[in-house]
Amino acid sequence: MTAQTRVTVIGLGPMGQQIVRTYLAAGVAVTVWNRTPEKADGLGADRAGSIGEAVAAAELIVLSLTHYDAMDAVLATVDLTGKVVVNLSSDSPQRTRQGAAFVRARGGEFLAGGVMAQPEELSGPDAYIFYSGPAEVFDKHRDLLRPLATMEYLGVDDGLAQVYYQATLALFLPLLLGYEHALAIIDRSGSAIDRFVPYAQRSMGSLGELYAAWAQMAGDGGLDDPSYLRMMAAGARHVVATSAAVGVDTALAEAVSAHWERAENAPSSTYRLMRG
């Protein structure tokens, strides 16, 4: 079997393990390496005895690590000539660009990726991966990237995949915390979480339209309707009061309330979140 029909996967956390399983299910041979070798147990992939052996096994090297510093540490002594490193780890766009230079200085090609899926969702209908880097490198290797998820190629800037990935996380992580906060209010108030869930789902039904409208407003310079800002600030204060009354930690609610109070009190010409 040639290096073109095999991939190497480095990093066997939950996502790395699922990447291996997905490739194997698609009929792609996989060589793996991990600092803790036991994580390869039961995967059915070929286990490399060293990082050098792992890199030598395939042209395409897929990384799933905690951050880009881990890539530097793992590949520091390896010749990457003729190899393509696809780093699916999370980090800042600037750190990603530095990582791309690190790989190229060692003779390799580089693509950055941002995986928009939980491990168990990989290769499913809703999973997709942001990619960025040289178009010719992406085009050459798209067939070996396709089994993982829908591919969203964004452009040649190495950091662009992480710009989109981190922006999506900036949306998702507070949303998830907000939902947890809402569930805590329901629970501490003596109501059943299961009863609340359909109402939470209903409230999310028009988010797609809301995102589009809010983006249009942001592009026009931001929100500056005083009556709307007063309403949002008042609502945020009521969430703080409700949370405190039932014993739910108010740190998140207070942060949100502080933002809307600043918006309410700032002159319309200075309240622009997008512009700092």
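Predicted model: local features only at pLDDT ≥ 70, side-chain atom pairs only at ≥ 80, totals over all residues.
**The chain as a whole**

Let's start with the big picture. The C-alpha trace spans about 65 × 45 × 30 Å along its principal axes. The chain has 276 residues, and buried ones make up 42% of them. What about contacts between residues at least 6 apart in sequence? Of these, 59% join residues at least 24 apart.

There is also a record to look at. UniProt, in an unreviewed entry, lists residues 7-150 as "domain: 6-phosphogluconate dehydrogenase NADP-binding". In the model, that span is 35% helix and 23% strand, and its end C-alpha atoms lie 18 Å apart.

Now for the inside. The largest nonpolar core has 32 residues, and those touching the most other members are V9, I19, Y23, L60, L88, Y131 and L145. Which elements give two or more residues to this core? They are the strands β1 (6-10), β2 (29-33), β4 (60-63), β5 (84-87), β6 (109-116) and β7 (128-132), along with the helices α1 (14-25) and α5 (135-145).

Setting aside neighbours within four places in sequence, L145 is in contact with Y23, L60, V86, L111, Y131, F138 and M151. Y23, L60 and Y131 turn up again here, having already been listed with L145 among the residues that touch the most other core members.

**How the helices pack**

| Helix pair | Angle between axes | Distance between axes |
|---|---|---|
| α3 (68-75) and α4 (93-105) | about 15 degrees | 10 Å |
| α6 (160-188) and α7 (193-203) | roughly 135 degrees | within 10 Å |
| α9 (226-246) and α10 (251-265) | roughly 155 degrees | within 8 Å |

Take α3 and α4 to begin with. Their angle of about 15 degrees makes α3 roughly parallel to α4. The crossing of these two is left-handed. On the α3 side the contact uses Y68, D69, M71, D72 and L75, and on the α4 side R95, T96, G99, F102 and V103.

Next come α6 and α7. With their axes crossing at roughly 135 degrees, α6 is oblique to α7. This crossing is right-handed. Here Y179, A182, L183, I186 and D187 of α6 make the contact with I193, F196, V197 and A200 of α7.

Is α9 roughly parallel or roughly antiparallel to α10? Angles over 145 degrees count as roughly antiparallel, and these axes cross at roughly 155 degrees, so α9 is roughly antiparallel to α10. The crossing is left-handed. From α9, L229, R230, M232, A233, A236, R237, V239, V240 and S243 take part, and they meet A253, E254, S257, W260, E261, A263 and E264 in α10.

T8 sits in strand β1. Is T8 buried or exposed? Buried means under 20% relative accessible area, and T8 has 0%, so T8 is buried. Leaving out residues up to four places away in sequence, T8 touches T31, A54, A57, A58, L60, I61 and V62.

G114 belongs to strand β6. Its relative accessibility is 1%, so G114 counts as buried too. The C-alpha atoms of G114 and S89 are 7.0 Å apart, although 25 residues separate them along the chain. Beyond residues up to four places away in sequence, G114 touches Y128, I129, F130, A161, Q162 and Y165.

D91 is in the loop between β5 and α4. Its C-alpha atom is 8.3 Å from that of T66, which is 25 residues away along the chain.

Finally, find S123 in the loop between β6 and β7. S123 is a residue other than glycine, yet its phi is positive, near 75 degrees. Its relative accessibility is 44%, so S123 counts as partly exposed.

Note on methods. Residues numbered from 1 in each chain as written. Heavy atoms only, no water. Core = buried A, V, L, I, M, F, W, Y, C linked by side-chain atoms within 4.5 Å. Buried < 20%, exposed > 50% of the residue type's maximum accessible area, 1.4 Å probe, protein only. Helix = DSSP H or I, 4+ residues; strand = E, 2+ residues; numbered from the N terminus. Contact = heavy atoms within 4.5 Å. UniProt positions renumbered as here; feature names shortened; annotations may be inferred. Axes fitted to C-alpha atoms, helices over the stretch in contact; angles between N-to-C directions. Parallel < 35°, antiparallel > 145°, perpendicular 65-115°, else oblique. Left-handed = near helix turned anticlockwise from the far one by under 90°.
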